[in-house]
Amino acid sequence: MEPPEDLRTILDLTQDKVVVVDSDGHYQYANAATERILGYDIEAFVGTNTFEYIHPEDREEVQSTFERLVDINEELIETATFRHRAADGSWIWFELRMWTRADPDLDGYVVSSRDVPAPLAAARRPPLAETPLRRLAITPPSRL
């Protein structure tokens, strides 16, 4: 997927990472902010799978949100906060917005990610005790 030149210029000037991913999570397009923020060469980055870059502790939640969007047939926007691996091996906190496919000419799903400071990202995530997996782990078997 290659946007028209004028749209590519606009996308490349934005401060947020804007990508298009296919229904399996493979990057189809990435704007210039992807390289500025994460340090990856765009040509090498496109074609790889987004879930390979997400921190293992955040991957299940982000993948579940993404799969829910892929399976839905109406326009919907979801947000998530997660860590993305940078080219130097460090982790960058992102808050992302994912859209369902709203345009039949768009070859995938638009994901806009804004890097956020770690303390802000942590404040936006549900407390560990509130996550469904954590509730299941601490619930006695007799109450399941």
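A residue is called buried when its relative accessible area is under 20%, exposed when it is over 50%, and partly exposed in between (1.4 Å probe, protein chains only). By this rule T65, at 7%, is buried. The model is predicted, so local features need pLDDT of at least 70 and side-chain atom pairs count only at pLDDT 80 or more, while totals for chains, interfaces and linings use all residues. Residues are numbered from 1 along each chain as its sequence is written, and side-chain values use heavy atoms, with hydrogens and water left out.

**The surroundings of T65**

- T65 belongs to helix α4, residues 56-71; helices (H or I, at least four residues) and strands (E, at least two) are DSSP runs, numbered from the N terminus.
- A polar atom of the T65 side chain lies 3.0 Å from the backbone oxygen of E61.
- Apart from neighbours within four places in sequence, T65 is in contact (heavy atoms within 4.5 Å) with E78 and M98.

**Paired strands**

- Strands β3 (residues 77-85) and β4 (residues 91-99) pair in the antiparallel sense over 9 bridges; two strands pair if DSSP finds at least two bridges between them.
- In the hairpin of β3 and β4, 5 residues stand between the strands, and G89 takes a positive phi near 90°.
- Strand β4 also runs antiparallel to strand β5 (residues 109-115), joined to it by 5 bridges.
- R97 of β4 stands opposite T79, and R97 also stands opposite S112 in β5.

**Salt bridges**

- Side chains of opposite charge can pair when their charged atoms come close.
- A salt bridge is a side-chain nitrogen of Lys or Arg within 4 Å of a carboxyl oxygen of Asp or Glu, and the whole structure holds 4 of them.
- R114 forms a salt bridge with D16, with the closest N and O atoms 2.9 Å apart.
- Because R114 lies in strand β5 and D16 in the loop between α1 (5-13) and β1 (17-21), this pair ties together parts that are 98 residues apart in sequence.
- R114 is partly exposed at 47% relative accessible area, whereas D16 is buried at 13%.
- R83 forms a salt bridge with E57, with the closest N and O atoms 3.2 Å apart; the pair links R83 in strand β3 to E57 in helix α4, 26 residues apart.
- D58 and R83 also meet in a salt bridge, at 2.8 Å from N to O.
- D58 lies in helix α4 and R83 in strand β3, so this pair ties together parts that are 25 residues apart in sequence.

Definitions and conventions. Polar contact = N/O pair within 3.5 Å; in protein donor to acceptor, adjacent residues only side chain to side chain.
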